[in-house]
Amino acid sequence: MAYTLTVNGRTTTVEVPADMPLLWVLRDVLELRGTKYGCGISACGACTVHLNGRAVRACQTKVSAADGASIMTIEGLSPDGTHPLQQAWQDVDVPQCGYCQAGQIMSAAALLAQTPKPTDEDIDRAMNGNLCRCATYLRIRQAIHKAAAMTATTTVQQAAANRPGQDQE
Amino acid sequence: MAPQLLDRRAFLQVSALAGGGVMIGTYLGPVSEALAQTPAAFSPNAFITIAANGTITLIAKNPEVGQGVKTMLPMILAEELEADWKTVKIVQGDLDPEAYGPQSAGGSQSTPVNWDPLRQAGAVGRHMLIAAAAATWDVPAGELQARLGRVHHAASNRSAGYGELAARAATLTPPDPKTVALKDPKDYTIIGKATPGIDNRAIVTGTLTFSSDFTVPGMLWAQYEKAPAYGAEVATANLDEVRAMPGVRHAFILKGDGDIQSLVGGVAIVADSWWQAKAARDRLQVTWQDHPTMRQSSASFDQQAEALFKAPPAFSITNVGDVEGALSSATKTVEGTYSYPFIAHAPLEPQNALAHWHDGKMEIWAPSQTPARGRQMVAKSLGIDEAAITFHLLHGGGGFGRRLYNDSVVEAAAIARQIDRPVKLQWTREDDMRHDIYRPGGYHRLRAGVDAAGRIVAWHGHFVSYGEGERFAPSANLPATEFPAGYVAHFGLGASLIPLGVPTGALRAPRSNSVAFVYQSFLDELAHAAGKDPVQFRLDLLSATRQLPEGINNDGFDGARMHAVVKTAAEMAGWGRAVPKGTGLGIACYYSHRGYFAEVAEVIVDADKGVRVAKVWVAGDVGRQIINPSGAEQQMQGSVIDGLGELMAQEITYENGAAVQDNFNRFPLVRMREAPPVIESKFVLSDNAPSGLGEPALPPILPAVTNAIFAATGERIRSLPLRKHGYYWA
């Protein structure tokens with residue numbers, strides 16, 4: 001069967017079985033291997049991607065259910081690795097083995113898109129589906145707060161920069 | 001950095017492939033790749049190369065599985081070399097023990113084993129570059145200073161970059177590494193500074209190549225179905241039906257090599273993609289030959305343990321003084337039977353390995369923690385010469401001891417041996433959990449007595465473990481030195497073993513991760529029986545001089561160092577303060593992998609047995625120098641939370657010889673909201689050589705929490721996991 005997917009802004013058609021999970025289409029057909037396989041049953045969150053803006057587990061999303069959808073993977077989160085979460089993750093030195101982190105960041109990105117200033121409880125709820133076997137949780141929480149603060153600052157700066165007359169010398 | 005086929009002259013076509021005619025080249029590892037980009041003008045040893053343009057490339061010699069050695073070991077080299085950390089290139093070394101010395105990731109050994117040699121290796125490079133500058137400028141070497149990749153001569157205001165000096169340095173004879181002067185620690189600019197992981201950017205952008213992401217052209221994908229009961233061979237399999245499935249190239253039966261820790265019998269399915277191999281495997285119907293391990297079960301282990309406890313220990317491990325006499329004259333005696341289950345490692349990246357058999361040579365790419373052992377195992381299992389095996393190290397998604405064992409590497413090689421293309425074996429999560437090399441369970445019956453002054457006068461342990469005769473199964477042993485041995489005048493330990501057909505081995509802080517719970521809980525029981533405060537009871541015990549009987553291997557335990565961390569942890573936690581009803585503070589301490597750790601947990605237990613670990617205080621002594629404080633904190637936080645997972649709910653049980661739990665829904669890890677919100681840690685610096693941090697912070701957390709539960713509720717937890725007693729994360 002042929003399915004049309006828009007992955008990280010690029011539309012592509014794949015010829016694969018209807019029940020093939022999106023995870024393996026991404027990894028083995030489209031060779032986007034930033035999205036990881038951890039459990040295959042939506043229990044660990046290592047395969048988290050955005051499907052039409054919502055965080056989903058790619059291991060339990062059949063390609064047929066993603067037909068025509070817009071998908072974002074870790075590779076498409078920012079053009080140059082400068083998404084506030086990607087910066088905060090490096091500033092806080094979050095990763096240990098790193099295997100779960102793409103999924104963690106994608107869950108966090110979906111959270112911040114909905115809730116720009118999350119509380120600890122918001123974070124715990126949004127991140128509950130993402131396991132980290134190395135247990136980097138305390139730093140993940142810290143990095144999400146930091147990214148939220150960075151985003152808020154950027155927004156304020158942009159608002160200031162966009163005030164009428166600001167650009168006229 | 002995506003490994004690639006580099007040297008076109010080295011290309012070697014081994015087969016023209018259906019569907020594309022891709023050529024398969026001789027793979028050159030990242031080391032050769034990096035060096036081809038910046039040819040060495042000067043290389044004082046295997047770890048350091050300096051190009052004419054000043055690029056410094058450092059080899060990270062040990063396998064990286066998330067413990068941070070790929071950052072930490074090169075920091076040591078860079079410090080003594082006086083390189084600029086911001087510009088050095090760090091490259092994972094392939095297996096080459098002749099060049100790099102022992103390469104393994106286990107036992108928290110990377111720091112103690114490499115601290116001196118890597119400082120010396122860096123210093124040799126610095127000395128030679130300074131000597132080259134001295135010769136160039138005709139000034140005494142003593143007037144020169146190396147800093148951030150340049151040599152400076154202050155008197156004449158001259159300086160030269162390492163790249164400029166490289167050609168001249170290359171003509172000099174390297175000094176004996178043992179004689180070069182090392183830097184004074186007070187001058188360190190890299191060691192001791194919180195340094196982020198060097199792969200962080202690649203990780204957060206999804207571009208780091210983990211082992212499971214690594215591919216070579218023309219590669220196929222394999223799945224391997226093994227008997228649920230360890231070691232059973234295939235009787236029948238519907239191979240023809242499997243071969244007819246889309247994308248399937250091969251389906252065949254492999255026989256085991258006789259070692260359940262190496263290659264066990266099974267069915268290999270090789271396809272163009274992993275998903276096709278998996279889809280074909282879902283159609284596989286296989287029957288297994290009868291095997292004695294099929295009669296094993298957790299229930300039968302429990303029954304055998306109970307029967308063995310009715311008799312004295314089958315053999316003695318240590319026996320000092322008159323234990324029974326002292327017990328009978330003690331003021332108060334305490335008895336308790338403790339147990340803990342088998343558990344799995346469950347690294348988040350399931351086991352995988354890529355192997356390619358060509359021209360009588362085996363080439364392997366895998367994230368092994370012990371690549372040298374992996375090479376030996378492949379050679380032995382397949383009957384090929386070790387010299388014909390090349391082992392490339394890839395980044396592993398978590399280790400925890402699982403990747404010490406190389407069983408998946410042997411499987412990949414055995415499958416590759418049968419076909420003419422590179423093949424990647426990628427286990428499912430279920431494969432990984434049902435075919436782990438498990439942390440063995442165990443049972444302890446402990447009896448001890450205290451005198452009128454509240455001191456322990458006698459201690460006896462009967463350890464029911466696994467093995468044959470007097471030979472323990474791997475990681476199922478207990479040494480004669482186990483604390484409080486040497487601190488109790490009448491001390492006995494004996495064991496009885498249950499035969500086992502389950503593969504067992506080292507899980508992060510092997511043996512310690514289970515025994516700490518038993519011994520530190522029982523010490524707590526004794527403190528309460530003696531009417532003493534649990535912290536003071538430990539401090540009093542540790543204040544005595546340790547007296548081990550002659551002829552046993554000393555483990556190097558230093559009571560004064562433990563005394564210091566217990567005191568520190570108690571002070572950090574405000575031990576002794578009043579806490580609300582339902583809240584308890586618990587302490588435990590443990591020595592493992594040369595590290596001394598004491599931990600206090602503040603635990604809140606509600607009326608429904610919902611548990612929250614509100615805060616944990618960690619005090620550790622791993623010597624005089626913390627090399628990377630950021631990595632050190634990661635290891636402490638990770639160890640504590642990892643231990644809480646083992647404590648609450650992790651358990652592998654066996655029925656008909658097979659593991660019952662096969663995925664994270666039945667083998668829960670701690671999730672973010674369950675983790676303690678605050679873990680406060682402090683290092684007690686002592687004048688000892690630096691030692692490792694991958695493991696020693698884990699063991700004390702389990703008894704710290706169960707002792708806190710006792711303080712909060714009066715319920716003494718003597719078996720794990722906690723979930724069995726009705727507790728859950730609130």
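Biologist: In what sense do strand 1 and strand 2 of chain B pair?
Modeller: Antiparallel, over 3 bridges, in this predicted model. Strand 1 of chain B covers residues 40-45 and strand 2 of chain B covers residues 48-51.
Biologist: And how many residues does the hairpin between them go through?
Modeller: The hairpin joins them through 2 residues. B:Asn45 sits opposite B:Ile48 of strand 2.
Biologist: OK, switching to B:Val204. Buried or exposed?
Modeller: Buried, because its relative accessible area is 0%, and the cut-off is under 20%. B:Val204 belongs to helix 6 of chain B, residues 200-204.
Biologist: Which residues does B:Val204 touch, leaving out those up to four places away in sequence?
Modeller: A:Ile74, A:Gln86, A:Trp89, A:Gln90 and A:Ile105.
Biologist: What about the largest nonpolar core, which residues touch the most other members?
Modeller: A:Trp89 again, along with A:Ile144, B:Trp459 and B:Phe664, out of 190 residues in that core. Helix 14 of chain B, residues 512-529, gives the largest share, 10 residues. A second, separate core has 47 residues, including B:Ile76 and B:Leu81.
Biologist: What does A:Ile144 touch, beyond residues up to four places away in sequence?
Modeller: Among them are A:Leu85, A:Trp89, A:Leu111, A:Pro118 and A:Met127.

Conventions:
Residues are numbered from 1 along each chain as its sequence is written. Chains are lettered from A and ligands numbered from 1 in the order in which they are written. This is a predicted model: local features need pLDDT of at least 70, side-chain atom pairs count only at pLDDT 80 or more; totals for chains, interfaces and linings use all residues. Side-chain values use heavy atoms; hydrogens and water are left out. Two strands pair if DSSP finds at least two bridges between them. Helices (H or I, at least four residues) and strands (E, at least two) are DSSP runs, numbered from the N terminus. Buried means under 20% relative accessible area, exposed over 50%, partly exposed in between (1.4 Å probe, protein chains only). Contact means heavy atoms within 4.5 Å. A nonpolar core is a set of buried Ala, Val, Leu, Ile, Met, Phe, Trp, Tyr and Cys residues joined through side-chain atoms within 4.5 Å.
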